[in-house]
Amino acid sequence: MFRFLTAGESHGPGLTIIVEGLPAGLTVEKVLIDADLRRRQGGYGRGGRMKIEKDEVRFLSGVRHGKTLGSPITMQIENRDWVNWEERMNPAPVDVEMEPVTRVRPGHADFTGAIKYGHSDVRNVIERSSSRETAARVAVGGLCRQFLQQFGITIHSHVLSVVEVGYEEPRPMTPDAYPEEMWEAVENSPMRCADAALTEKMIARILEAKRHGDTCGGVFEVVAFGVPIGLGSFSQWDRRLSTRLAMAMMSIPSAKGVEIGAGFGATRTTGSHVHDVLRHREDGSWYHLTNNAGGIEGGISNGEPIVVRVGVKPIPTLAHPLPSVDIASGENIDQSRYERSDVCVVPAAGVVGEAMMAVVLTEALLEKYGGDSMDEMLRHARA
Ligand SMILES: Cc1cc2nc3c(=O)[nH]c(=O)nc-3n(C[C@H](O)[C@H](O)[C@H](O)COP(=O)(O)O)c2cc1C
Ligand SMILES: C=C(O[C@@H]1CC(C(=O)O)=C[C@@H](OP(=O)(O)O)[C@H]1O)C(=O)O
(Lines give C-alpha, C1' and ligand atoms only; values in the text may rest on other atoms or scores of the structure.)
(Ligands and ions follow the chains in the order given, each with its own letter.)
Protein backbone atom coordinates (compact mmCIF):
# COMPACT_ATOMS: atom_id res chain seq x y z
CA MET A 1 0.00 0.00 0.00
CA PHE A 2 1.22 3.49 -0.88
CA ARG A 3 0.69 6.18 1.75
CA PHE A 4 2.25 9.34 3.11
CA LEU A 5 1.97 11.62 6.13
CA THR A 6 3.10 15.19 6.55
CA ALA A 7 3.83 17.11 9.77
CA GLY A 8 4.97 20.61 10.62
CA GLU A 9 3.71 24.06 11.52
CA SER A 10 4.01 26.98 9.11
CA HIS A 11 6.46 28.88 11.34
CA GLY A 12 7.97 25.89 13.12
CA PRO A 13 11.42 24.50 12.29
CA GLY A 14 10.22 22.73 9.14
CA LEU A 15 8.05 20.12 7.43
CA THR A 16 8.58 16.38 7.77
CA ILE A 17 7.21 13.83 5.33
CA ILE A 18 7.14 10.02 5.51
CA VAL A 19 6.34 8.15 2.31
CA GLU A 20 5.76 4.42 2.32
CA GLY A 21 5.13 1.92 -0.45
CA LEU A 22 7.36 3.01 -3.33
CA PRO A 23 9.23 -0.01 -4.75
CA ALA A 24 12.96 -0.53 -4.24
CA GLY A 25 15.39 0.46 -6.98
CA LEU A 26 13.70 3.65 -8.18
CA THR A 27 16.27 6.27 -9.15
CA VAL A 28 15.49 9.45 -7.24
CA GLU A 29 16.96 12.84 -8.11
CA LYS A 30 16.68 15.47 -5.41
CA VAL A 31 17.16 18.26 -7.96
CA LEU A 32 13.91 17.29 -9.69
CA ILE A 33 11.95 17.47 -6.42
CA ASP A 34 13.58 20.82 -5.60
CA ALA A 35 12.61 22.13 -9.04
CA ASP A 36 8.95 21.30 -8.30
CA LEU A 37 9.23 23.01 -4.91
CA ARG A 38 10.54 26.11 -6.66
CA ARG A 39 7.65 26.02 -9.13
CA ARG A 40 5.16 25.93 -6.23
CA GLN A 41 6.77 28.99 -4.68
CA GLY A 42 6.28 30.99 -7.85
CA GLY A 43 3.37 32.47 -9.75
CA TYR A 44 2.29 36.10 -9.82
CA GLY A 45 0.48 37.16 -6.65
CA ARG A 46 2.57 35.45 -3.99
CA GLY A 47 3.39 37.43 -0.84
CA GLY A 48 6.41 38.27 1.33
CA ARG A 49 6.90 34.80 2.80
CA MET A 50 8.04 33.38 -0.52
CA LYS A 51 10.93 35.86 -0.53
CA ILE A 52 12.15 34.29 2.71
CA GLU A 53 11.78 30.59 1.85
CA LYS A 54 14.02 28.63 -0.53
CA ASP A 55 12.43 25.22 -0.36
CA GLU A 56 14.52 22.12 -0.87
CA VAL A 57 14.28 18.56 0.46
CA ARG A 58 16.70 16.70 2.66
CA PHE A 59 16.45 12.90 2.68
CA LEU A 60 16.69 11.28 6.09
CA SER A 61 15.77 7.70 5.23
CA GLY A 62 14.74 5.28 2.51
CA VAL A 63 17.14 6.40 -0.25
CA ARG A 64 20.75 5.23 -0.64
CA HIS A 65 23.15 6.25 -3.40
CA GLY A 66 20.29 7.78 -5.36
CA LYS A 67 17.96 4.76 -5.29
CA THR A 68 14.98 3.87 -3.11
CA LEU A 69 15.48 0.98 -0.67
CA GLY A 70 11.81 -0.02 -0.40
CA SER A 71 11.81 1.21 3.21
CA PRO A 72 9.94 4.33 4.40
CA ILE A 73 11.34 7.52 2.86
CA THR A 74 11.67 10.51 5.19
CA MET A 75 12.11 14.00 3.75
CA GLN A 76 12.47 17.34 5.48
CA ILE A 77 11.92 20.89 4.22
CA GLU A 78 13.36 23.67 6.35
CA ASN A 79 11.31 26.77 7.24
CA ARG A 80 13.78 29.61 6.91
CA ASP A 81 11.23 31.90 8.62
CA TRP A 82 11.58 29.81 11.82
CA VAL A 83 14.43 31.98 13.10
CA ASN A 84 11.97 34.90 13.27
CA TRP A 85 9.44 32.80 15.22
CA GLU A 86 11.60 30.72 17.57
CA GLU A 87 10.18 32.32 20.70
CA ARG A 88 6.59 32.47 19.50
CA MET A 89 6.73 28.83 18.32
CA ASN A 90 8.91 27.38 21.08
CA PRO A 91 7.71 23.87 22.04
CA ALA A 92 8.83 24.58 25.63
CA PRO A 93 7.02 27.06 27.88
CA VAL A 94 8.37 30.62 27.59
CA ASP A 95 8.40 33.39 30.20
CA VAL A 96 7.30 36.25 27.92
CA GLU A 97 3.64 37.17 27.69
CA MET A 98 2.32 36.69 24.15
CA GLU A 99 -0.67 38.51 22.80
CA PRO A 100 -3.13 35.88 21.58
CA VAL A 101 -4.76 36.13 18.13
CA THR A 102 -8.51 36.45 18.76
CA ARG A 103 -9.97 38.17 15.66
CA VAL A 104 -10.91 35.43 13.20
CA ARG A 105 -10.55 35.83 9.42
CA PRO A 106 -13.68 34.88 7.43
CA GLY A 107 -12.90 32.03 5.03
CA HIS A 108 -9.83 30.71 6.86
CA ALA A 109 -9.79 27.91 9.45
CA ASP A 110 -9.51 30.44 12.30
CA PHE A 111 -13.09 30.22 13.60
CA THR A 112 -13.85 26.54 12.96
CA GLY A 113 -10.42 25.44 14.18
CA ALA A 114 -10.57 27.51 17.38
CA ILE A 115 -14.04 26.20 18.29
CA LYS A 116 -13.23 22.59 17.37
CA TYR A 117 -9.93 22.35 19.27
CA GLY A 118 -10.87 24.73 22.06
CA HIS A 119 -8.07 27.20 21.36
CA SER A 120 -8.34 30.71 22.75
CA ASP A 121 -5.27 31.74 20.72
CA VAL A 122 -6.06 31.35 17.00
CA ARG A 123 -2.29 31.17 16.30
CA ASN A 124 -2.59 27.51 17.37
CA VAL A 125 -4.95 26.95 14.42
CA ILE A 126 -3.23 29.13 11.83
CA GLU A 127 0.04 27.27 12.08
CA ARG A 128 -1.13 23.89 10.79
CA SER A 129 -4.05 25.08 8.66
CA SER A 130 -1.61 27.23 6.65
CA SER A 131 -0.95 26.09 3.12
CA ARG A 132 2.73 25.89 3.96
CA GLU A 133 1.84 22.19 4.25
CA THR A 134 1.38 22.00 0.48
CA ALA A 135 5.17 22.22 0.08
CA ALA A 136 5.34 18.78 1.72
CA ARG A 137 2.82 17.41 -0.75
CA VAL A 138 4.77 18.75 -3.68
CA ALA A 139 7.83 16.89 -2.37
CA VAL A 140 5.81 13.66 -2.34
CA GLY A 141 4.52 14.48 -5.81
CA GLY A 142 8.12 15.01 -6.95
CA LEU A 143 8.98 11.46 -5.87
CA CYS A 144 5.84 10.02 -7.46
CA ARG A 145 6.49 11.89 -10.69
CA GLN A 146 9.88 10.18 -11.02
CA PHE A 147 8.21 6.83 -10.42
CA LEU A 148 5.48 7.52 -13.02
CA GLN A 149 8.07 8.66 -15.54
CA GLN A 150 9.42 5.09 -15.60
CA PHE A 151 6.04 4.04 -17.04
CA GLY A 152 5.90 6.91 -19.56
CA ILE A 153 3.44 9.02 -17.52
CA THR A 154 3.93 12.80 -17.38
CA ILE A 155 1.85 15.48 -15.62
CA HIS A 156 1.40 19.21 -16.34
CA SER A 157 -0.76 22.03 -15.00
CA HIS A 158 -1.76 25.45 -16.27
CA VAL A 159 -3.98 28.32 -15.21
CA LEU A 160 -7.19 28.82 -17.19
CA SER A 161 -8.63 31.86 -15.42
CA VAL A 162 -8.33 34.42 -12.67
CA VAL A 163 -11.62 35.91 -11.42
CA GLU A 164 -13.51 36.68 -14.70
CA VAL A 165 -10.41 36.80 -16.92
CA GLY A 166 -9.86 33.74 -19.11
CA TYR A 167 -11.58 30.44 -19.66
CA GLU A 168 -15.18 30.12 -20.66
CA GLU A 169 -16.37 26.54 -20.74
CA PRO A 170 -17.05 24.31 -22.54
CA ARG A 171 -13.51 24.09 -23.91
CA PRO A 172 -12.80 21.84 -26.91
CA MET A 173 -11.77 18.48 -25.51
CA THR A 174 -9.90 16.98 -28.43
CA PRO A 175 -6.72 14.88 -28.42
CA ASP A 176 -4.76 17.76 -29.99
CA ALA A 177 -5.86 20.26 -27.30
CA TYR A 178 -2.43 20.11 -25.64
CA PRO A 179 0.42 20.59 -28.12
CA GLU A 180 3.80 19.73 -26.57
CA GLU A 181 5.18 23.28 -26.94
CA MET A 182 2.39 24.82 -24.82
CA TRP A 183 3.95 23.46 -21.62
CA GLU A 184 7.18 25.34 -22.22
CA ALA A 185 5.15 28.54 -22.59
CA VAL A 186 3.32 27.68 -19.35
CA GLU A 187 6.60 27.27 -17.44
CA ASN A 188 7.79 30.65 -18.76
CA SER A 189 4.59 32.51 -17.82
CA PRO A 190 4.37 34.17 -14.38
CA MET A 191 0.73 33.02 -14.35
CA ARG A 192 1.53 29.49 -15.63
CA CYS A 193 -0.70 30.31 -18.64
CA ALA A 194 0.41 29.51 -22.21
CA ASP A 195 -1.34 32.58 -23.66
CA ALA A 196 0.88 35.67 -23.28
CA ALA A 197 -1.95 38.19 -23.77
CA LEU A 198 -4.09 36.38 -21.19
CA THR A 199 -1.16 36.29 -18.78
CA GLU A 200 -0.95 40.10 -18.95
CA LYS A 201 -4.69 40.45 -18.36
CA MET A 202 -4.57 38.11 -15.37
CA ILE A 203 -1.69 40.05 -13.83
CA ALA A 204 -3.58 43.33 -14.33
CA ARG A 205 -6.62 41.76 -12.62
CA ILE A 206 -4.54 40.65 -9.64
CA LEU A 207 -2.97 44.11 -9.35
CA GLU A 208 -6.41 45.70 -9.39
CA ALA A 209 -7.60 43.41 -6.59
CA LYS A 210 -4.44 44.11 -4.60
CA ARG A 211 -5.00 47.86 -4.95
CA HIS A 212 -8.40 47.35 -3.32
CA GLY A 213 -6.95 45.23 -0.52
CA ASP A 214 -8.68 42.22 -2.08
CA THR A 215 -7.71 38.71 -3.29
CA CYS A 216 -8.31 36.58 -6.43
CA GLY A 217 -9.25 32.99 -7.14
CA GLY A 218 -9.45 31.18 -10.45
CA VAL A 219 -9.32 27.84 -12.25
CA PHE A 220 -6.34 25.60 -12.97
CA GLU A 221 -6.21 22.43 -15.02
CA VAL A 222 -4.03 19.36 -14.49
CA VAL A 223 -3.41 16.94 -17.36
CA ALA A 224 -1.71 13.51 -17.17
CA PHE A 225 -0.35 11.97 -20.38
CA GLY A 226 0.59 8.35 -21.05
CA VAL A 227 -1.75 6.81 -18.47
CA PRO A 228 -2.45 3.19 -19.45
CA ILE A 229 -5.98 1.82 -19.83
CA GLY A 230 -7.26 0.17 -16.66
CA LEU A 231 -6.33 2.26 -13.60
CA GLY A 232 -9.14 2.47 -11.02
CA SER A 233 -12.36 0.47 -11.05
CA PHE A 234 -16.15 0.76 -11.08
CA SER A 235 -16.44 -2.16 -8.65
CA GLN A 236 -16.71 -0.02 -5.48
CA TRP A 237 -17.41 3.71 -4.97
CA ASP A 238 -14.01 4.41 -3.49
CA ARG A 239 -12.06 2.57 -6.18
CA ARG A 240 -13.18 4.84 -9.02
CA LEU A 241 -10.25 6.84 -10.36
CA SER A 242 -12.60 9.83 -10.69
CA THR A 243 -13.57 9.59 -6.98
CA ARG A 244 -9.96 9.44 -5.93
CA LEU A 245 -8.89 12.36 -8.12
CA ALA A 246 -11.79 14.53 -6.93
CA MET A 247 -10.92 13.84 -3.30
CA ALA A 248 -7.24 14.51 -3.86
CA MET A 249 -7.92 17.81 -5.63
CA MET A 250 -10.50 18.91 -3.05
CA SER A 251 -7.88 18.37 -0.33
CA ILE A 252 -5.95 21.40 -1.62
CA PRO A 253 -6.71 24.32 0.72
CA SER A 254 -9.00 26.83 -1.06
CA ALA A 255 -10.11 24.29 -3.74
CA LYS A 256 -13.90 24.62 -4.02
CA GLY A 257 -14.84 22.64 -7.13
CA VAL A 258 -13.58 19.88 -9.40
CA GLU A 259 -14.50 19.00 -12.98
CA ILE A 260 -13.31 15.97 -14.92
CA GLY A 261 -13.14 16.27 -18.71
CA ALA A 262 -16.00 18.39 -20.04
CA GLY A 263 -17.32 18.50 -16.45
CA PHE A 264 -20.29 20.82 -15.94
CA GLY A 265 -20.08 21.75 -19.62
CA ALA A 266 -21.38 18.24 -20.44
CA THR A 267 -24.62 19.05 -18.60
CA ARG A 268 -25.44 21.88 -21.02
CA THR A 269 -25.57 19.76 -24.16
CA THR A 270 -26.91 16.36 -25.21
CA GLY A 271 -25.35 12.90 -25.24
CA SER A 272 -24.51 12.83 -28.93
CA HIS A 273 -22.26 15.88 -28.38
CA VAL A 274 -20.57 14.50 -25.29
CA HIS A 275 -19.59 10.84 -25.59
CA ASP A 276 -16.23 10.07 -27.12
CA VAL A 277 -16.31 7.82 -30.18
CA LEU A 278 -13.92 4.86 -29.85
CA ARG A 279 -11.67 3.80 -32.75
CA HIS A 280 -9.33 0.87 -33.31
CA ARG A 281 -6.00 1.14 -35.14
CA GLU A 282 -4.52 -1.55 -37.34
CA ASP A 283 -1.67 -2.02 -34.86
CA GLY A 284 -4.24 -3.13 -32.26
CA SER A 285 -4.26 0.10 -30.22
CA TRP A 286 -7.35 2.13 -29.30
CA TYR A 287 -8.13 5.82 -29.40
CA HIS A 288 -11.09 8.22 -29.03
CA LEU A 289 -12.04 11.01 -31.45
CA THR A 290 -12.63 13.44 -28.55
CA ASN A 291 -11.82 13.45 -24.84
CA ASN A 292 -14.90 14.86 -23.11
CA ALA A 293 -14.61 12.05 -20.57
CA GLY A 294 -11.25 13.48 -19.48
CA GLY A 295 -9.61 10.09 -19.83
CA ILE A 296 -11.91 8.23 -17.41
CA GLU A 297 -14.94 6.05 -18.23
CA GLY A 298 -16.70 4.01 -15.55
CA GLY A 299 -14.10 5.09 -13.01
CA ILE A 300 -11.32 3.52 -15.13
CA SER A 301 -8.63 5.25 -17.18
CA ASN A 302 -9.39 4.84 -20.91
CA GLY A 303 -5.95 5.62 -22.34
CA GLU A 304 -6.64 9.28 -23.18
CA PRO A 305 -5.07 12.18 -21.23
CA ILE A 306 -6.61 12.55 -17.77
CA VAL A 307 -7.99 16.08 -17.51
CA VAL A 308 -9.05 17.63 -14.19
CA ARG A 309 -9.99 21.27 -13.56
CA VAL A 310 -10.08 22.79 -10.10
CA GLY A 311 -11.83 25.98 -8.97
CA VAL A 312 -9.87 27.91 -6.34
CA LYS A 313 -11.60 30.49 -4.16
CA PRO A 314 -10.02 33.89 -3.48
CA ILE A 315 -7.77 33.43 -0.46
CA PRO A 316 -9.20 34.59 2.88
CA THR A 317 -6.64 37.09 4.22
CA LEU A 318 -7.67 40.50 2.92
CA ALA A 319 -5.60 43.67 3.33
CA HIS A 320 -8.98 45.40 3.73
CA PRO A 321 -10.43 42.90 6.16
CA LEU A 322 -14.13 41.97 6.34
CA PRO A 323 -16.20 42.41 9.51
CA SER A 324 -15.90 39.55 11.99
CA VAL A 325 -15.92 38.60 15.67
CA ASP A 326 -13.34 38.78 18.42
CA ILE A 327 -13.69 35.30 19.93
CA ALA A 328 -12.19 36.40 23.27
CA SER A 329 -14.73 39.18 23.95
CA GLY A 330 -17.56 37.91 21.72
CA GLU A 331 -17.72 41.42 20.25
CA ASN A 332 -18.80 41.97 16.64
CA ILE A 333 -15.99 43.96 15.05
CA ASP A 334 -15.77 46.01 11.86
CA GLN A 335 -12.57 44.43 10.66
CA SER A 336 -10.98 41.03 11.17
CA ARG A 337 -7.21 40.73 11.13
CA TYR A 338 -4.68 41.25 8.35
CA GLU A 339 -1.35 39.54 8.39
CA ARG A 340 1.25 39.14 5.63
CA SER A 341 -0.44 37.19 2.87
CA ASP A 342 -0.56 36.12 -0.75
CA VAL A 343 -3.06 37.82 -3.10
CA CYS A 344 -3.48 35.05 -5.71
CA VAL A 345 -2.30 31.43 -5.42
CA VAL A 346 -3.91 29.82 -8.47
CA PRO A 347 -0.57 29.06 -10.25
CA ALA A 348 0.91 27.59 -7.04
CA ALA A 349 -2.25 25.57 -6.37
CA GLY A 350 -1.88 24.12 -9.89
CA VAL A 351 1.57 22.79 -8.98
CA VAL A 352 0.04 21.24 -5.85
CA GLY A 353 -2.65 19.76 -8.13
CA GLU A 354 0.08 18.10 -10.21
CA ALA A 355 1.44 16.54 -7.01
CA MET A 356 -1.98 15.24 -5.99
CA MET A 357 -2.52 13.79 -9.49
CA ALA A 358 0.90 12.10 -9.20
CA VAL A 359 -0.03 10.61 -5.82
CA VAL A 360 -3.34 9.19 -7.07
CA LEU A 361 -1.81 7.73 -10.24
CA THR A 362 1.10 6.22 -8.28
CA GLU A 363 -1.30 4.52 -5.90
CA ALA A 364 -3.44 3.23 -8.79
CA LEU A 365 -0.44 2.04 -10.80
CA LEU A 366 0.94 0.16 -7.79
CA GLU A 367 -2.44 -1.55 -7.37
CA LYS A 368 -2.58 -2.55 -11.02
CA TYR A 369 0.99 -3.81 -11.53
CA GLY A 370 2.21 -4.48 -7.97
CA GLY A 371 5.78 -5.40 -7.11
CA ASP A 372 8.41 -4.75 -4.47
CA SER A 373 11.14 -3.62 -6.85
CA MET A 374 11.15 -1.47 -9.97
CA ASP A 375 12.38 -4.43 -12.05
CA GLU A 376 9.44 -6.51 -10.91
CA MET A 377 6.92 -3.72 -11.54
CA LEU A 378 8.27 -2.88 -14.99
CA ARG A 379 8.16 -6.59 -15.87
CA HIS A 380 4.49 -6.71 -14.80
CA ALA A 381 3.69 -3.54 -16.76
CA ARG A 382 5.35 -4.90 -19.92
CA ALA A 383 3.40 -8.13 -19.57
C1 LIG B 1 -0.25 27.63 -2.14
C2 LIG B 1 -1.30 28.28 -1.29
C3 LIG B 1 -1.00 29.46 -0.60
C4 LIG B 1 -1.96 30.08 0.19
N5 LIG B 1 -1.65 31.26 0.81
C6 LIG B 1 -2.58 31.88 1.55
C7 LIG B 1 -2.29 33.13 2.19
O8 LIG B 1 -1.21 33.69 2.06
N9 LIG B 1 -3.28 33.70 2.93
C10 LIG B 1 -4.50 33.13 3.09
O11 LIG B 1 -5.35 33.66 3.76
N12 LIG B 1 -4.80 31.95 2.49
C13 LIG B 1 -3.87 31.32 1.73
N14 LIG B 1 -4.19 30.13 1.13
C15 LIG B 1 -5.54 29.56 1.30
C16 LIG B 1 -5.78 29.05 2.72
O17 LIG B 1 -4.73 28.19 3.13
C18 LIG B 1 -7.13 28.32 2.79
O19 LIG B 1 -8.13 29.13 2.27
C20 LIG B 1 -7.44 27.98 4.25
O21 LIG B 1 -6.57 26.94 4.67
C22 LIG B 1 -8.88 27.52 4.49
O23 LIG B 1 -9.20 26.37 3.77
P24 LIG B 1 -10.42 26.35 2.72
O25 LIG B 1 -10.26 27.57 1.86
O26 LIG B 1 -10.23 25.09 1.93
O27 LIG B 1 -11.68 26.39 3.50
C28 LIG B 1 -3.26 29.51 0.30
C29 LIG B 1 -3.56 28.33 -0.40
C30 LIG B 1 -2.61 27.72 -1.19
C31 LIG B 1 -2.97 26.47 -1.94
C1 LIG C 1 4.07 29.58 3.63
C2 LIG C 1 3.37 29.34 2.54
O3 LIG C 1 2.12 29.83 2.27
C4 LIG C 1 1.48 30.55 3.29
C5 LIG C 1 0.06 30.09 3.34
C6 LIG C 1 -0.73 30.94 4.22
C7 LIG C 1 -2.04 30.44 4.60
O8 LIG C 1 -2.70 31.10 5.43
O9 LIG C 1 -2.47 29.38 4.10
C10 LIG C 1 -0.25 32.18 4.67
C11 LIG C 1 1.07 32.74 4.26
O12 LIG C 1 2.07 32.47 5.22
P13 LIG C 1 2.69 33.60 6.16
O14 LIG C 1 1.62 33.83 7.20
O15 LIG C 1 3.94 33.03 6.77
O16 LIG C 1 2.96 34.79 5.31
C17 LIG C 1 1.54 32.04 2.99
O18 LIG C 1 2.83 32.46 2.66
C19 LIG C 1 3.87 28.49 1.45
O20 LIG C 1 3.12 28.36 0.47
O21 LIG C 1 4.99 27.94 1.58
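User: Leaving aside its neighbours within four places in sequence, which residues is Ser129 in contact with?

Analyst: This is a predicted model, where local features need pLDDT of at least 70, side-chain atom pairs count only at pLDDT 80 or more, and totals for chains, interfaces and linings use all residues. Residues are numbered from 1 along each chain as its sequence is written, and chains are lettered from A and ligands numbered from 1 in the order in which they are written. Two residues are in contact if their C-beta atoms, placed from the backbone, lie within 7 Å. With neighbours within four places set aside, Ser129 contacts His108, Ala109 and Gly113.

User: Is Ser129 buried, exposed or partly exposed?

Analyst: Count the other C-beta atoms within 10 Å: 20 or more is buried, 12 or fewer is exposed, and in between is partly exposed. Ser129 has 18, so it counts as partly exposed.

User: Where does UniProt place the feature "binding site"?

Analyst: UniProt positions use the numbering here, and annotations may be inferred rather than shown by experiment. The unreviewed entry lists Arg128, Ser129, Ser130, Gly298, Lys313, Pro314, Ile315, Pro316, Thr317 and Arg340. They span 213 residues in sequence, and the farthest two C-alpha atoms are 44.8 Å apart, so they do not all gather at one spot.

User: How do the residues of the shell around ligand 2 divide?

Analyst: Ala, Val, Leu, Ile, Met, Phe, Trp, Tyr, Cys and Pro count as nonpolar, Asp, Glu, Lys and Arg as charged, and the others, Gly among them, as polar. The ligand 2 shell has one nonpolar, five polar and six charged residues.
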